[in-house]
Amino acid sequence: MRKSIEEKMNIDALDIYGLSEIIGPGVAAECLEKNGLHVFEDHFIPEIIDPATGEVLGPGEKGELVLTSITKEAFPLIRYRTRDVTSLNPEPCACGRTQVRMARISGRTDDMLIIRRVNVFPSQIESVLMGIEEAEPHYQLIVHKEGSLDTLEVQVEVLERFFSDEIKQLETLQRRIKNEIESVLGIGTRVKLVEPRTLARSEGKAKRVIDERPGRGETH
Amino acid sequence: MRVKQLSIFLENRAGRLDEVAELLGAGGINIRALSLADTSDFGILRLIVNHPEEAFRILHEAGFTLRFTEVIAVEVPDQPGGLASVLKILRDSQLNVEYLYAFVEKRAASAIVIFRVEELDRAVGILQQKGVRLLSSEEVCGL
């Protein structure tokens, strides 16, 4: 989308991050390198934590962004949990600025699932599917409990023009999606191919996740 | 000598197969031959029908994922070793068979078997050269 805006309007489009609880837009912004958003560290202290344990994570590690305002006087916030998922990169930027860069927000901790003690964000699965030409980025996650083990099933729509008449080709696709998701999540998953247009579309809040584990009747 | 087969992707979901059969029945489509390949998650229904284009339109409008696949309809002597004799010709020419299934009906002393093979043109040439009769699309649809 950025590329199409830039081409049509002949401009550089830059990402700006902020949240109304702090100051609205202006907590972090991209430079012309477009490789991460510099956090204005003279006003805000950013930290990344593990949303489940609260433990502070190191550079490059993905987790929840926590912000502390230094210069706000009327409504200071200390270690405010944004629920936004990103990572911090302290390496100097090619633009010359030394302020730490945060990655684009990749999800919300509200969506986070804990499966076999591993934090899983639906956005991670979405980005894997975006990279697979034969599959639609429409998916549904179903979490079960079998005995004492959590299981994750990912239902993926097959793109009509890639539908093959041969079982082995569809199974190869199924395996490829499974392998790629597993290498990103680090936990075993079951991938199920479903017919196109059968999963809910992301109009408003789509039911992306169905958690059937006892005591978690909620859907996201 | 190629015959149009409908290949339909089916999720393992109750009633999905019934739906195909009912839609085709309501549309006046007669199924001439069929095979269902399945895995634990999904299946592929392969059909030879009397009006392939019309059947495609009906199922596509009903939201099914399907495509045409080209296959050949081979007349196989209806006697012990009949199928083996045709398979041997293909094997001797290093032609792989992806799948095959039989027609319900018989034509005189022969059975009709639908073959999906690699390199369809080469397979047609070799089989005809060896005197194996292949049925045309019109013959198959009219059976």
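1. How many bridges join strand 2 of chain A to strand 3 of chain A? Three bridges join strand 2 (residues 24–30) to strand 3 (residues 37–39) of chain A, and the two run antiparallel. Strands here are DSSP runs of E of at least two residues, and helices are runs of H or I of at least four residues, both numbered from the N terminus; two strands are taken to pair if DSSP finds at least two bridges between them. Within this pair, A:Ala29 stands opposite A:His38, while A:Ala28 has A:Val39 as its bridge partner. Six residues lie between the strands of this hairpin, and A:Lys34 takes a positive phi there, near 55°.

2. Residues are numbered from 1 along each chain as its sequence is written, with chains lettered from A and ligands numbered from 1 in the order in which they are written.

3. On confidence, the predictor gives the complex an ipTM of 0.74 and a pTM of 0.69. Chain B averages a pLDDT (the predictor's confidence in each residue, from 0 to 100) of 89, and 96% of its residues score at least 70. Confidence in chain B is highest in helix 2 (residues 52–61), at a mean of 95, and lowest in helix 5 (residues 137–142), at 80. Where pLDDT is low, the predicted coordinates should not be read in detail.

4. Chain A contains three helices and 15 strands.

5. Is helix 1 (residues 2–9) of chain A largely buried or in the open? None of its eight residues is buried, so helix 1 of chain A lies largely in the open; a residue is called buried if 20 or more other C-beta atoms lie within 10 Å of its own, exposed if 12 or fewer, and partly exposed in between, with C-beta atoms placed from the backbone. A:Asn10, which follows helix 1 of chain A, has a positive phi, near 55°. Over chain A as a whole, buried residues make up 25% of the 220 residues.

6. A:Arg116 is found in the loop between strand 10 (113–115) and strand 11 (118–120) of chain A. With 13 other C-beta atoms within 10 Å, A:Arg116 is partly exposed. Leaving aside residues up to four places away in sequence, A:Arg116 touches A:Leu149, A:Asp150 and A:Ile187, a contact being counted if the C-beta atoms, placed from the backbone, lie within 7 Å. The C-alpha atoms of A:Arg116 and A:Ile187 are separated by 7.9 Å, although the two residues are 71 apart along the chain.

7. Chain B has five helices and seven strands, which run β-α-β-β-α-β-α-β-β-α-β-α from the N terminus on. Strand 2 (residues 31–38) and strand 3 (residues 42–49) of chain B pair in the antiparallel sense over seven bridges; they form a hairpin with three residues between them, and B:Ala37 has B:Ile44 as its bridge partner. Buried residues make up 29% of the 143 residues in chain B. Among contacts in chain B between residues at least 6 apart in sequence, 68% join residues at least 24 apart; for chain A, the corresponding value is 47%.

8. At the interface, 14 residues of chain A are in contact with 13 residues of chain B. Helix 3 (167–185) and strand 14 (190–194) of chain A each supply at least two residues of the side of chain A that touches chain B. That side divides into seven nonpolar, no polar and seven charged residues, where Ala, Val, Leu, Ile, Met, Phe, Trp, Tyr, Cys and Pro count as nonpolar, Asp, Glu, Lys and Arg as charged, and the others, Gly among them, as polar.

Conventions:
Predicted model: local features only at pLDDT ≥ 70, side-chain atom pairs only at ≥ 80, totals over all residues. Contact = placed C-beta atoms within 7 Å.
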